[in-house]
Amino acid sequence: MLNHVLSVDGFYFSTTYDLTHTLQRLANTSPEFQEMSLLERADPRFVWNGHLLREFIAQPEIHRFATPVMHGFITMHSCSINGKCFDWLLVSRRSCFRAGVRYYVRGIDSEGHAANFVETEQIVHYKGSKASFVQTRGSIPFFWSQRPNLKYKPKPQISKSVNHMDGFQRHFDSQIISYGKQMIVNLVNHKGSEKPLEQTFSKMVNSMANGMVRYVAFDFHKECSRMRWDRLQILLDQLADQQDEFSYFLVDSEGKTVTQQEGTFRSNCMDCLDRTNVIQSLLARRSLQAQLQRLGVLHVGQRIEEQADFEKIYKNAWADNANACAKQYAGTGALKTDYTRTGKRTQWGLIMDGWNSLIRYYKNNFSDGFRQDAIDLFLGNYSVDEVEPASPLHVKKDWKFLALPIIMVVAFSMCIICLLMAGDTWTETLAYVLFWGSASFGTFAIILYNGKDFVDAPKLVQKEKMD
């Protein structure tokens, strides 16, 4: 199980640089902080080997031997525009709090930690000057779940037995402390099963009545239906004033802070993967445009989109970022990356999205329980009891888990055979086909009705603790 976690791409460490903090946070620290070991000063949200290092943490004299490990995505490129060379970096840090897989970890916990929370920082180095722009993504921050049940898209369930506002308030209090003002960009559908989530999110932001938190809802799928991806500009125009107000972090070659980022965009869709990454890449490009002009890399009136070589690097890096975050949370590469890479939606991209969706369906229903258990074991959410008589991983299955699928396969096979090998009369053939067809359909309906019992569910941490 530990090997399974460690075999997932995206673990990073550095013995000289603090990967867990943004440039702005590092610039605003005290001399005492700078003298601390990397383990002591690391942001615990992004230290994935914190549980494994727990005995090292208790002994300061051996801190220098302990290196924090981050999970997420990092890419670095040396680029040139107008003959001016600069380094461009993209760093995504995944939180180890409320970590897990797509359908088994949704919403927030009682501490206000959101599922699939990722801090993404875009950094530019040019002639000693450094600029950065930070965004976050995370699950809709109240108590909801979406348990696999063999259906392609399980219906989200909003918990009715808890006070949502406590966790909601804690989440945004911590976000404001870490990042300043919050601009929520909610990209879920305004119809169907996602509609109650959008309505509840909007209502809770209004109830909180915090001037530091603002909310924008944009029905991504409706607005961009029928390949109308140019309509994303509507959202960018809507957020432009807010982005100018938030600004970005910039420090000059002498180490003097020129501007600070005053707030962040907190984007989300259902999984905080595909739609979210598209919007984040567009907001980051707009910020990069302003940064490169201020640093003198871009001339007045020049646009990043016109710089073909850099634009290719930029789009591919953001698509790679989407794939990394998606593989770590959903088990497959991201959807809609053809748009991120090329700026266009393609037929091949739609085919690949369909293929990835099928793989996601299989993994979410039949292998994610093991993945969730492995993550819980690695992060210390479950502690092994040496005196426990039996392994909690070995759960005896009921007879129906084996019998019903076999009956369904046999009945469906017989139905096909009866169609291919017709009887003496068409009425006889029809009778056989109807009998075996009814048997296969009826068995399938029973399996679907008991869908939650047939999926691979986590066994180490109980559902009540996870929600």
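The model is predicted, so local features need pLDDT of at least 70 and side-chain atom pairs count only at pLDDT 80 or more, while totals for chains, interfaces and linings use all residues. Residues are numbered from 1 along each chain as its sequence is written, and side-chain values use heavy atoms, with hydrogens and water left out.

UniProt, in an unreviewed entry, lists "domain: SAC" at residues 2-331; its positions are given in the numbering used here, feature names are shortened, and annotations may be inferred rather than shown by experiment. Over residues 2-331 the chain is 35% helix and 21% strand, with the end C-alpha atoms 16 Å apart. Helices (H or I, at least four residues) and strands (E, at least two) are DSSP runs, numbered from the N terminus.

Helix 6 (residues 164-179) packs on helix 7 (residues 195-208) at about 75 degrees, axes 11 Å apart. Axes here are lines fitted to C-alpha atoms, for helices over the stretch in contact, and angles run from 0 to 180 degrees between N-to-C directions. That makes helix 6 roughly perpendicular to helix 7 (under 35 degrees counts as roughly parallel, over 145 as roughly antiparallel, 65 to 115 as roughly perpendicular and the rest as oblique). Contact means heavy atoms within 4.5 Å; His164, Met165, Phe168, Gln169 and Phe172 of helix 6 meet Phe201, Met204, Val205, Ser207 and Met208 of helix 7.

Next come helix 10 (residues 274-295) and helix 11, whose axes come within 10 Å and cross at roughly 145 degrees. On the helix 10 side the contact includes Arg285, and on the helix 11 side it includes Glu311 and Lys315. Helix 11 itself (residues 308-329) has 22 residues and should span 32 Å at 1.5 Å a residue, which agrees with its end C-alpha atoms being 32 Å apart (the expected span is 1.5 Å times one less than the number of residues). Gly331, with a positive phi near 95 degrees, follows helix 11.

Further along, the unreviewed UniProt entry places "transmembrane region" at residues 401-423 and 429-449. Residues 429-449 are 100% helix and 0% strand, their end C-alpha atoms 30 Å apart. Helix 15 (residues 400-420) and helix 16 (residues 426-449) pack at about 155 degrees with axes 8 Å apart, and are therefore roughly antiparallel. Among the residues in this contact are Phe412 and Cys415 from helix 15, and Trp436 and Phe444 from helix 16.
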